[in-house]
Amino acid sequence: MSAAAHIPVMVDETIKALAVQPGGRYVDCTLGGGGHAAVILEHSSPGGQLLGIDADPEAIATARQSLEPYGDSVLLVNDNFVNLEAICYKYDFLPVHGILFDLGLSSLQLDESGRGFSFQQRAPLDMRFDPSQKVSAADIVNTYSEAELANLIYTYGEESASRQIARRIVQERPIKTTLELAQTVERAVGGRRGRIHPATKTFQALRIAVNHELETLESALKQAVNLLGYEGRLVVISYHSLEDRIVKQFMQQEARDCICPPSVPTCVCGHKASLRIINKRVIVPSPEEVTRNPRSRSAKLRAAERIMPQDEHYNLVEQLGSSPEVKTRGNGWRRPSLLRMLRSVFNAA
Ligand SMILES: C[S@@+](CC[C@H](N)C(=O)[O-])C[C@H]1O[C@@H](n2cnc3c(N)ncnc32)[C@H](O)[C@@H]1O
């Protein structure tokens, strides 16, 4: 492994949460260096297939090399996972047994000079996962108003000194490099406090904004559920509280039949649960893993399983005139969209 190689986080926990099985079909929405992807392919052999997505063309190139031994079992797509459903339809890759999101950025991106993700090396202020995207961190830092910057750093960085930092940025711009920005933030907050560099939260905020990370995650989670077959697994590893909150709330909401506010006496939303939460408590890396790979320390894993919405299940059972055990009898693998089609045929008859 080279010094810059990315070490995949919570590998055993991920494989278990995805319930990887031979012959299964999996989507890795954040391919990175292909570490998780390779282990998924190992466990899904023989016959397993993996569709790997990454917005960064360099990640795709690296993973193409490392996954070469898996030949035709792998399909790699350089795209944003916000287009997850369209990608899977385009390659007829559905329904799937499991979908993985290992969010954020890889060690390859963090350590590579020139990408602008790290405040420890001089680089242009870039931070785009996809270099063809128009807006970079430098555009935001040098064109947003002081109030917009303060708001962004507070919201996406959860930084209490956001106003001082925004004021100083506006005074000192143009700011062109990562080191210039890191020094500006240090001056704004009056030097270093503790072990964490004072620019950590500002850099996080900018990266989230540049890549629209929270909006794309929300959209992709919804799409993922539609692609999962019956009992298919959704597994998400997040690295900061804003992402983890979105994942947690999404899974909790999708695991409920009614999402009306508590003040509404009778359900008016008609929402049906589509997921069952697998781990009630968030899974974190073991102390041994954190010692071995300190970058894993903030990782949080959540997993859920696709269930058939109650009405869909019971309508089908009624129409087929069979017993409710129909759900558990087969091989545990159903395609919800096929069931929907079947139901519409029965309804039309
Ligand atoms: C933590 S790394 C994944 C590492 C990977 N699991 C491994 O084992 O090597 C996250 C990857 O997700 C990619 N990424 C982040 N947001 C993305 C998005 N919205 N669409 C596609 N790829 C994204 C990044 O470019 C990065 O390569």
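Colleague: How do you know how far to trust the chain?

Modeller: The chain has an average pLDDT of 89, and 87% of the residues score at least 70. Residues 321–334 have a pLDDT below 50, although this stretch has 14 contacts in the model beyond near neighbours in sequence. Where pLDDT is low, the predicted coordinates should not be read in detail.

Colleague: What makes up the contact of α7 with α8?

Modeller: From α7 come Glu-146, Leu-149, Ala-150, Ile-153, Tyr-154 and Gly-157, which meet residues of α8 including Arg-163, Ile-165, Ala-166 and Ile-169. By class, this contact has 8 nonpolar, 2 polar and 3 charged residues.

Colleague: Why are α7 and α10 called roughly perpendicular instead?

Modeller: The axes of α7 and helix α10 (residues 200–210) cross at roughly 95 degrees and come within 8 Å. That value falls in the range 65 to 115, so the pair counts as roughly perpendicular. On the α7 side the contact is made by Leu-152, Ile-153, Tyr-156 and Gly-157. Among the residues of α10 that take part are Lys-201, Gln-204 and Ile-208. The classes in this contact are 6 nonpolar, 3 polar and 1 charged.

Colleague: What makes the bond from Ser-45 to Pro-46 cis?

Modeller: Its omega is near 0 degrees. Pro-46 is found in the loop between α2 and β2.

Colleague: What is noted about phi of Ala-19?

Modeller: Most residues other than glycine have a negative phi. Ala-19, in the loop between α1 (11–18) and β1 (25–28), has a positive phi near 50 degrees.

Colleague: Which residues come nearest to the ligand?

Modeller: Of the 22 residues around the ligand, these are Pro-8, Thr-30, Gly-32, Gly-35 and Ala-55. The elements giving two or more residues to this shell are α2 (35–43) and β2 (49–54). The shell has 8 nonpolar, 11 polar and 3 charged residues.

Note on methods
Residues are numbered from 1 along each chain as its sequence is written. This is a predicted model: local features need pLDDT of at least 70, side-chain atom pairs count only at pLDDT 80 or more; totals for chains, interfaces and linings use all residues. A residue is near a molecule or strand if its C-beta atom, placed from the backbone, lies within 6 Å of it. Helices (H or I, at least four residues) and strands (E, at least two) are DSSP runs, numbered from the N terminus. Ala, Val, Leu, Ile, Met, Phe, Trp, Tyr, Cys and Pro count as nonpolar, Asp, Glu, Lys and Arg as charged, and the others, Gly among them, as polar. Two residues are in contact if their C-beta atoms, placed from the backbone, lie within 7 Å. pLDDT is the predictor's confidence in each residue, from 0 to 100. Axes are lines fitted to C-alpha atoms, for helices over the stretch in contact, and angles run from 0 to 180 degrees between N-to-C directions. Angles under 35 degrees count as roughly parallel, over 145 as roughly antiparallel, 65 to 115 as roughly perpendicular and the rest as oblique.
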